[in-house]
Amino acid sequence: MPFNTALTRKLGIRIPIVQGGMQWVGYAELASAVSNAGGLGILTALTQPTPEDLRKEIRKCKTMTKYPFGVNITLLPAMVPPDYGAYAQVVLDEGIRIVETAGNSPGPVIKKLKEATPPCVILHKCTTIRHAQSAVKLGVDFLSIDGFECAGHVGETDITNFILLSRARQTMPIPFIASGGFADGQGLAAALSLGAEGINMGTRFMCTVEAPIHQKIKQSIVDAQETDTELVLRRWKNTSRLFKNKVTAEATRIERESTTGKFEEVAPYVSGKRGREVFLNGDKDYGVWTAGQVIGLIHDIPTCEALVSRIEKDAIDTINQNSSLIVDKQPEPDISGKPLGDITADPKSEHGKNVPGEAQIYDIGKSKL
C-alpha cells in the first residue's frame, strides 16, 4: 500500500524511507536494494576516490535498479578538500536529479545542482534549526532533520529528535524528513505524526544482507545496546557519535587528559582509513566507525526488501491502531469506586500495558524503598 507524502510524490518512491549517505557503505549494492524495495537508495560520492569512479558507480547502480536513487555529497573540513564541483558535475552528467547534501558551506554545490535542467531535488541534512533556516535560503527542497541520536556528526547542541522535529514543524516553510534514531515502522509512524514527510535511516541499513560490510560488524550491531556508542572530538567542536570500542576509549581518554589540546594527539585514533578497514576485516576494535543509538533497536540482519516491507506494514498497523483510540463515547474507568491501595485495581490501557495499582515512586515498590 503506497504512502502519499510530499517525499513520495516528489521523488517517485513508494515508501517514505531514505537510505542516508554513509562513507564506505553507500555503494551500488546497497543503494539499488533499497530503491528496489520501495525506498530511496543513496550512493556516497566521497566513498569513490575520484569523480570518474563515482561515474562508474552510478552507471553500475543503474544496471541494478530501474527505480530512483540519489547521491550524497558531504562537504567536510580537509587540508586538501575534494573537488566537490567535479563530483557534482558527474552527478548532473549522469542524469541523477536527487542529491543529499550535508556539511559546511554547501552553497556553491547547491547552486550548481539547482541551476541544472531540470534542477536537482536536494535533501539537506541539518542538526539545528538555525542551519535549517540557512539551507532554506539556499533553495533546498527538503530538510533532513538530524537529531542528537544519530550516527556520525551530531552537531554541538545535543537536541534530540522529539524536540527538533517539532521545532521544524513549527518554523520550517518547506517539508522535512526525520533522521537519527529510526529503525522500524513505529518510528516511521511517529515521525509522520510529528510533521515529517518520511525518515532517513543509516545504521539500520548497515545491518542488512546487502550492506557491503563484514558480517561480524553487522553482528556487533545486533549484539549492541543503545548505550554502546561514544561521543568523540567534542573538544574540537567536531562531535561524532561512534561505535564504542577500544579505540574510542583511548581517543576520549586523550581528549579528556591532553594538556596541549592539539588535534594531532588524537588524530591517529580517529583515522577514517582504519575505520574503513573495520568494514573489511570484521574487527570492531580495529578503528573508529559510526553508529547511532538506534543500534539498541536492531535485532536481526534482513534483506532490504524484508526490512522495508516490515517497516511499511508496522507503520500502517500503528497508524490504524492509534486511530482506533479515538471513540465516540468515553468508556467507564476500570478503577471506578476502588480505593487507591486496592491491589485488584489493575487497569489496562488500550495499549495493553499494566498500570501499577499501588502508589509507588518511579514504579519502585515499598519493599525496595
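A charge sits over a ring if NZ of Lys or CZ of Arg is within 6 Å of the ring centre and within 35 degrees of the ring normal. Keep that in mind for this tour of a predicted model.

Start by selecting Arg241 and Phe148. The charged end of Arg241 is found over the Phe148 ring, 4.8 Å from its centre. Now pick Arg274 and Tyr286: here the charged end of Arg274 sits over the ring of Tyr286, at 4.0 Å from the ring centre.

Next come rings that meet other rings. A pair of aromatic rings is described by how far apart the centres are and by the angle of the planes. How many aromatic pairs are there? The count comes to 3.

Select Trp236 and Phe263. Their ring centres are 5.7 Å apart and their planes stand at 85°, so this pair is edge-to-face. Trp236 is in the loop between β10 and β11, while Phe263 is in the loop between α11 and α12, so the pair ties together parts 27 residues apart in sequence. Show the surface if you like: Trp236 is partly exposed, at 22% relative accessibility, and Phe263 is partly exposed too, at 35%.

Now jump to Phe243 and Trp289. With centres 4.3 Å apart and planes at 15°, these rings count as stacked. Phe243 belongs to strand β11 and Trp289 to the loop between α12 and α13, so this pair ties together parts 46 residues apart in sequence. Are these two buried or exposed? Both Phe243 and Trp289 are buried.

Ring pairs join Phe243, Phe279 and Trp289 into a cluster.

Technical notes
Residues are numbered from 1 along each chain as its sequence is written. This is a predicted model: local features need pLDDT of at least 70, side-chain atom pairs count only at pLDDT 80 or more; totals for chains, interfaces and linings use all residues. Side-chain values use heavy atoms; hydrogens and water are left out. Rings of Phe, Tyr and Trp (its six-membered ring) pair if their centres lie within 6.5 Å; planes under 30 degrees apart count as stacked, over 60 as edge-to-face and the rest as tilted. Helices (H or I, at least four residues) and strands (E, at least two) are DSSP runs, numbered from the N terminus. Buried means under 20% relative accessible area, exposed over 50%, partly exposed in between (1.4 Å probe, protein chains only).
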